[in-house]
Amino acid sequence: MFRNIIASAPRGEIILEWIEFAALTIEILAVLIIVMAIFYAVGRYAFRTILHPEDEKHYQDLKARLGKSLLLGLEILVAADVVRTVALEATLQSVIILGLLVLIRTFLSWALVVELEDRWPWQAKRET
């Protein structure tokens with residue numbers, strides 16, 4: 001719907017190209033964040049394990065860093081999907097796909113919180 005309105009406006013095709021470029025840029029940013037965070041977390045884990053092999057907190061730190069970077073990357077990917085769906089492909093099928101992506105992201109977020117913090121997202125944080 002919005003695609004037709006924008007495309008029919010003067011310079012509409014240029015606007016659509018910019019929106020597509022913005023969505024693609026956001027997706028690339030999300031992938032870069034995830035990949036760089038994985039390399040950073042694994043490198044930090046290896047370095048800290050070599051220096052202090054007796055410390056058992058390194059693995060928990062690795063899991064926490066990877067989990068948080070995945071959550072951030074997933075949030076940014078959803079933002080790119082929202083931009084693309086709302087501005088370019090506002091069809092029933094694309095909205096359903098977007099809804100499924102958000103549902104999956106929410107499930108992954110909850111699973112990561114349970115794994116990392118040993119509690120449900122709606123429970124209060126435990127004091128250590």
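Guide: Let's start with a word we'll need: a residue is buried when its relative accessible area is under 20%, exposed when over 50%, and partly exposed in between, using a 1.4 Å probe and protein chains only. What you see is a predicted model, where local features need pLDDT of at least 70, side-chain atom pairs count only at pLDDT 80 or more, and totals for chains, interfaces and linings use all residues. Residues are numbered from 1 along each chain as its sequence is written, and side-chain values use heavy atoms, leaving out hydrogens and water.

Visitor: What percentage of the 128 residues in the protein chain is buried?

Guide: Take the cut-off of under 20% relative accessible area. Of the 128 residues in the protein chain, the buried part is 27%.

Visitor: What pattern does the protein chain follow along the sequence?

Guide: Helices (H or I, at least four residues) and strands (E, at least two) are DSSP runs, numbered from the N terminus. The protein chain has four helices and zero strands. Read along the sequence, that gives α-α-α-α.

Visitor: Are the planes of W18 and F21 stacked or edge-to-face?

Guide: Rings of Phe, Tyr and Trp (its six-membered ring) pair if their centres lie within 6.5 Å; planes under 30 degrees apart are stacked, over 60 edge-to-face, and the rest tilted. The structure holds one such aromatic pair. The centres of the W18 and F21 rings are 5.9 Å apart and their planes sit at 85°, so the pair is edge-to-face.

Visitor: Which helix holds W18 and F21?

Guide: W18 is exposed at 55% relative accessible area, while F21 is partly exposed at 48%. They are three residues apart, so about one helical turn separates them, in helix α2 (residues 12-51).
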